[in-house]
Amino acid sequence: MARPREFDEDRVITAAMDTFWRHGYEGTSTRALCDSTGLGPSSLYNTFGGKRQLYLRALRRYHETSTAEQVAILRGEGTAKERLRDMMVHAVDADLDAADGRGCFAINAAVEIAGPDPEVKDAVRRTFDRVEEELRAVVAAGQHDGELRSTADARTVARRVQSTYYGLRVLARVQDDRQTLLDTVESTLADL
(Lines give C-alpha, C1' and ligand atoms only; values in the text may rest on other atoms or scores of the structure.)
Protein backbone atom coordinates (compact mmCIF):
# COMPACT_ATOMS: atom_id res chain seq x y z
CA MET A 1 0.00 0.00 0.00
CA ALA A 2 1.53 3.31 -1.09
CA ARG A 3 1.64 6.27 1.26
CA PRO A 4 -0.15 9.44 0.24
CA ARG A 5 2.12 11.93 -1.55
CA GLU A 6 1.74 14.47 1.24
CA PHE A 7 3.16 12.05 3.83
CA ASP A 8 5.89 13.81 5.79
CA GLU A 9 7.66 11.33 8.05
CA ASP A 10 9.48 14.03 10.03
CA ARG A 11 6.23 15.84 10.77
CA VAL A 12 4.53 12.59 11.79
CA ILE A 13 7.34 11.60 14.16
CA THR A 14 7.45 15.08 15.66
CA ALA A 15 3.68 15.04 16.18
CA ALA A 16 3.88 11.59 17.77
CA MET A 17 6.74 12.72 20.02
CA ASP A 18 4.65 15.66 21.21
CA THR A 19 1.68 13.39 21.90
CA PHE A 20 3.75 10.85 23.84
CA TRP A 21 5.49 13.70 25.65
CA ARG A 22 2.18 15.17 26.83
CA HIS A 23 0.44 11.93 27.78
CA GLY A 24 3.16 9.34 28.34
CA TYR A 25 3.41 6.00 26.62
CA GLU A 26 0.59 4.31 28.51
CA GLY A 27 -1.65 7.38 28.36
CA THR A 28 -1.36 7.68 24.58
CA SER A 29 -3.94 5.75 22.62
CA THR A 30 -3.71 4.76 19.00
CA ARG A 31 -6.60 7.15 18.38
CA ALA A 32 -4.64 10.03 19.93
CA LEU A 33 -1.65 9.17 17.72
CA CYS A 34 -3.87 9.07 14.64
CA ASP A 35 -5.42 12.41 15.57
CA SER A 36 -2.06 14.09 16.13
CA THR A 37 -0.28 12.61 13.12
CA GLY A 38 -3.12 12.65 10.63
CA LEU A 39 -2.57 8.98 9.82
CA GLY A 40 -5.22 6.30 9.99
CA PRO A 41 -4.63 3.28 12.24
CA SER A 42 -3.61 0.99 9.39
CA SER A 43 -1.22 3.58 7.94
CA LEU A 44 0.28 4.13 11.37
CA TYR A 45 0.93 0.42 11.83
CA ASN A 46 2.00 -0.22 8.23
CA THR A 47 4.43 2.70 8.26
CA PHE A 48 5.88 2.45 11.76
CA GLY A 49 5.04 -1.05 12.96
CA GLY A 50 2.91 0.00 15.90
CA LYS A 51 2.76 2.28 18.89
CA ARG A 52 5.92 0.99 20.58
CA GLN A 53 8.04 1.34 17.45
CA LEU A 54 6.73 4.87 16.93
CA TYR A 55 7.57 5.63 20.58
CA LEU A 56 11.15 4.48 19.99
CA ARG A 57 11.31 6.73 16.91
CA ALA A 58 9.99 9.61 19.03
CA LEU A 59 12.73 9.02 21.60
CA ARG A 60 15.29 9.06 18.81
CA ARG A 61 13.83 12.35 17.54
CA TYR A 62 14.08 13.80 21.06
CA HIS A 63 17.73 12.75 21.16
CA GLU A 64 18.34 14.46 17.79
CA THR A 65 16.60 17.71 18.77
CA SER A 66 16.38 18.45 22.49
CA THR A 67 19.57 16.64 23.44
CA ALA A 68 21.36 18.43 20.61
CA GLU A 69 20.10 21.70 22.10
CA GLN A 70 21.61 20.81 25.49
CA VAL A 71 24.89 19.93 23.79
CA ALA A 72 24.89 23.24 21.90
CA ILE A 73 24.51 25.14 25.17
CA LEU A 74 27.37 23.20 26.74
CA ARG A 75 29.57 23.87 23.72
CA GLY A 76 28.64 27.54 23.67
CA GLU A 77 30.57 30.59 24.72
CA GLY A 78 31.66 31.35 28.24
CA THR A 79 33.44 29.77 31.14
CA ALA A 80 32.70 26.26 32.32
CA LYS A 81 30.45 27.49 35.12
CA GLU A 82 28.63 29.85 32.78
CA ARG A 83 27.90 27.03 30.34
CA LEU A 84 26.78 24.69 33.12
CA ARG A 85 24.57 27.45 34.54
CA ASP A 86 23.17 28.23 31.10
CA MET A 87 22.15 24.60 30.56
CA MET A 88 20.48 24.28 33.95
CA VAL A 89 18.74 27.68 33.82
CA HIS A 90 17.54 27.00 30.28
CA ALA A 91 15.92 23.77 31.49
CA VAL A 92 14.36 25.43 34.54
CA ASP A 93 12.87 28.19 32.41
CA ALA A 94 11.66 25.80 29.71
CA ASP A 95 10.03 23.53 32.27
CA LEU A 96 8.41 26.40 34.18
CA ASP A 97 7.20 28.08 30.97
CA ALA A 98 5.62 24.92 29.58
CA ALA A 99 1.89 25.31 30.13
CA ASP A 100 1.37 21.56 29.93
CA GLY A 101 4.01 20.68 32.56
CA ARG A 102 5.39 17.92 30.39
CA GLY A 103 8.97 18.12 31.67
CA CYS A 104 11.77 16.22 29.97
CA PHE A 105 10.69 13.49 27.56
CA ALA A 106 13.75 11.32 28.29
CA ILE A 107 13.22 11.51 32.06
CA ASN A 108 9.52 10.77 31.60
CA ALA A 109 10.43 7.70 29.52
CA ALA A 110 13.01 6.59 32.09
CA VAL A 111 10.46 6.76 34.89
CA GLU A 112 7.46 5.36 33.01
CA ILE A 113 8.71 2.56 30.81
CA ALA A 114 12.52 2.15 30.65
CA GLY A 115 12.69 -0.32 33.54
CA PRO A 116 10.77 -3.15 31.91
CA ASP A 117 11.64 -2.26 28.30
CA PRO A 118 15.31 -2.73 27.34
CA GLU A 119 14.98 -0.85 24.01
CA VAL A 120 13.49 2.19 25.71
CA LYS A 121 16.15 1.92 28.40
CA ASP A 122 18.86 1.91 25.71
CA ALA A 123 17.31 4.92 23.96
CA VAL A 124 17.14 6.92 27.18
CA ARG A 125 20.61 5.80 28.20
CA ARG A 126 22.00 7.02 24.86
CA THR A 127 20.56 10.47 25.59
CA PHE A 128 21.85 10.52 29.16
CA ASP A 129 25.29 9.30 28.05
CA ARG A 130 25.58 12.04 25.44
CA VAL A 131 24.76 14.74 27.99
CA GLU A 132 27.16 13.17 30.48
CA GLU A 133 30.00 13.19 27.97
CA GLU A 134 29.43 16.86 27.14
CA LEU A 135 29.29 17.70 30.85
CA ARG A 136 32.54 15.79 31.37
CA ALA A 137 34.24 17.85 28.67
CA VAL A 138 33.05 21.12 30.22
CA VAL A 139 34.13 20.05 33.70
CA ALA A 140 37.53 18.88 32.45
CA ALA A 141 38.05 22.22 30.70
CA GLY A 142 37.05 24.09 33.85
CA GLN A 143 39.43 22.00 35.94
CA HIS A 144 42.26 22.51 33.45
CA ASP A 145 41.71 26.29 33.43
CA GLY A 146 41.61 26.37 37.24
CA GLU A 147 38.04 27.67 37.30
CA LEU A 148 36.68 24.54 38.97
CA ARG A 149 38.50 23.65 42.15
CA SER A 150 37.21 20.08 42.40
CA THR A 151 40.03 17.59 41.97
CA ALA A 152 37.70 14.63 41.58
CA ASP A 153 37.63 12.80 38.27
CA ALA A 154 35.87 14.98 35.67
CA ARG A 155 33.38 12.22 34.86
CA THR A 156 32.43 11.86 38.53
CA VAL A 157 31.88 15.62 38.82
CA ALA A 158 29.91 15.60 35.56
CA ARG A 159 27.65 12.86 36.91
CA ARG A 160 26.98 14.91 40.04
CA VAL A 161 26.05 17.93 37.89
CA GLN A 162 23.92 15.71 35.67
CA SER A 163 22.08 14.30 38.68
CA THR A 164 21.32 17.82 39.85
CA TYR A 165 20.25 18.82 36.34
CA TYR A 166 17.83 15.92 36.01
CA GLY A 167 16.63 16.47 39.56
CA LEU A 168 15.81 20.07 38.67
CA ARG A 169 13.82 18.86 35.67
CA VAL A 170 11.75 16.63 37.93
CA LEU A 171 11.34 19.28 40.64
CA ALA A 172 10.17 21.85 38.09
CA ARG A 173 7.13 19.63 37.49
CA VAL A 174 5.91 20.36 41.03
CA GLN A 175 7.94 23.38 42.18
CA ASP A 176 6.89 26.55 40.43
CA ASP A 177 9.14 28.88 42.43
CA ARG A 178 11.91 29.72 39.98
CA GLN A 179 14.17 31.17 42.67
CA THR A 180 14.09 27.92 44.65
CA LEU A 181 15.28 26.05 41.58
CA LEU A 182 17.90 28.68 40.77
CA ASP A 183 19.23 28.46 44.33
CA THR A 184 19.90 24.77 43.66
CA VAL A 185 21.76 25.68 40.47
CA GLU A 186 23.93 28.23 42.25
CA SER A 187 24.63 25.92 45.18
CA THR A 188 25.71 23.15 42.81
CA LEU A 189 28.02 25.46 40.90
CA ALA A 190 29.52 26.92 44.10
CA ASP A 191 30.52 23.40 45.20
CA LEU A 192 32.52 22.78 42.04
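Visitor: Which helices each supply at least two residues of the lining of the largest pocket?

Guide: In this predicted model, the helices that each contribute at least two residues to the lining of the largest pocket are α4 (51-74), α5 (80-97) and α8 (154-171). The lining is made up of 14 residues, and those nearest the centre of the pocket are Trp21, Ser66, Glu69, Ala94 and Arg169. The volume of this pocket is about 220 Å³.

Visitor: What makes up the lining of the largest pocket by class?

Guide: Six residues of the lining are nonpolar, four are polar and four are charged. Glu69 and Arg169 are among the residues nearest the centre, and both count as charged, because Glu and Arg belong to that class.

Visitor: Why is Thr164 called buried?

Guide: Thr164 has a relative accessible area of 17%, and a residue is called buried when that value is under 20%, so the term applies. Thr164 is found in helix α8, and, leaving aside its neighbours within four places in sequence, it is in contact with Met88, Thr184 and Thr188.

Visitor: Which other residues of α8 are buried, and what covers them?

Guide: Besides Thr164, the buried residues of α8 include Ala154, Val157, Val161, Tyr165, Leu168 and Arg169. Among the elements that cover the buried residues of this helix are α4, α5, α6, α7 (118-144) and α9 (178-190).

Visitor: What caps the N-terminal end of α1, and what follows the helix?

Guide: The cap is Asp8, which has a side-chain oxygen 3.2 Å from the backbone nitrogen of Asp10, while Gly24, just after the helix, takes a positive phi of about 80°.

Visitor: Which residues of α1 are buried, and what covers them?

Guide: Val12, Ile13, Ala15, Ala16, Met17, Thr19, Phe20 and Trp21 are buried in α1, and their cover includes α2 (30-37), α3 (41-48), α4 and α6 (105-114). Trp21 is also one of the residues nearest the centre of the largest pocket.

Technical notes. Residues are numbered from 1 along each chain as its sequence is written. This is a predicted model: local features need pLDDT of at least 70, side-chain atom pairs count only at pLDDT 80 or more; totals for chains, interfaces and linings use all residues. Side-chain values use heavy atoms; hydrogens and water are left out. On a 1 Å grid over the protein atoms alone, a cavity is a set of points where a 1.4 Å probe fits but cannot get out, and a pocket is an open set with protein on both sides within 12 Å along at least five of seven lines; lining residues have an atom within 4 Å of a point. Grid points are joined across faces, edges and corners, and a volume is the space filled by probe spheres set on the points. Helices (H or I, at least four residues) and strands (E, at least two) are DSSP runs, numbered from the N terminus. Buried means under 20% relative accessible area, exposed over 50%, partly exposed in between (1.4 Å probe, protein chains only). Contact means heavy atoms within 4.5 Å. A polar contact is a pair of N or O atoms within 3.5 Å; within protein, one must be able to donate a hydrogen and the other to accept it, and residues adjacent in sequence count only if both atoms are side-chain atoms.
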